Every structure is written in structure tokens, then in C-alpha cells.
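Trainee: Can we go through this one together? I have a few questions.

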Amino acid sequence: MTDQLARLESLRQHREDPVSPDFSEQIQQCQNDPVVEKLEAAARATLAQLDRAIERLSKQQGELCEDCGQAIDVARLKVLPAATRCRNCEEHRPSH
């Protein structure tokens, strides 16, 4: 995750560099902007999930499903450490 954020920061710095006088290079730079923005949003969402999981752990709630209150399976937490719901509740959760 840290590597991903460092790469995004590098791309952001590159975006702030002066625009190339070469027209084809300008087009390439503009085409990359939405991709960089989406990658940055995804990284920030992941960080928010991790922050939430850390907060739940500090409150001794990290292993409990936030919907049903039952224990989240250890195998699920090993694969998805930021999980806040048990598998059953996640599967039956309305999609956004």
C-alpha cells in the first residue's frame, strides 16, 4: 500500500510539471489524469478501510461483525484484515 501511494504521489508530481510543448505528449498527459485520479481514490478508500479496522481493534471489536455481532471467521480476517462483517452478512448486504 505504501508503494502504491508513493507511486501515486510521483504521478501527481508529474502532472504538476510544466506541460510538454509536444502536442502528442500533452494528449498522453491529459489521458493519464483520470486513471491517476481513480487509482488515488482507490488507495484512499483502502486506507480508510484500514483506519476503520484499526479503530475497531482498539475498541476490542475487530473480530466481531458490525451487523450481527457474531465473530468474524479468522480465515476471513487473514485474507481481508479490514473486514468489518462476517461472510454471511457481507453476502446478504444490499449492493450499492
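Trainee: How long is the polar contact between the side chains of R85 and E66?

Mentor: The polar contact joining R85 and E66 is 3.0 Å. The term covers a pair of N or O atoms within 3.5 Å, one able to donate a hydrogen and the other to accept it; residues adjacent in sequence count only if both atoms are side-chain atoms. The model is predicted, with pLDDT of at least 70 needed for local features and 80 or more for side-chain atom pairs, while totals for chains, interfaces and linings use all residues. Numbering starts from 1 along each chain as its sequence is written, and side-chain values use heavy atoms, without hydrogens or water.

Trainee: And what joins the side chains of R85 and D67?

Mentor: A polar contact, at 3.0 Å.

Trainee: Is R85 buried or exposed?

Mentor: R85 counts as buried because its relative accessibility is 12%, and buried means under 20% (exposed is over 50%, partly exposed in between, 1.4 Å probe, protein chains only).

Trainee: New topic. Which residues make up the largest nonpolar core?

Mentor: The 6 residues are C65, I72, L77, A83, C86 and C89. Such a core is a set of buried Ala, Val, Leu, Ile, Met, Phe, Trp, Tyr and Cys residues joined through side-chain atoms within 4.5 Å.

Trainee: Which residues does I72 touch?

Mentor: Not counting residues up to four places away in sequence, I72 touches R56, G62, E63, L64, C65, L77, A83, T84, R85 and C86. C65, L77, A83 and C86 also belong to the largest nonpolar core.

Definitions and conventions:
Contact means heavy atoms within 4.5 Å.
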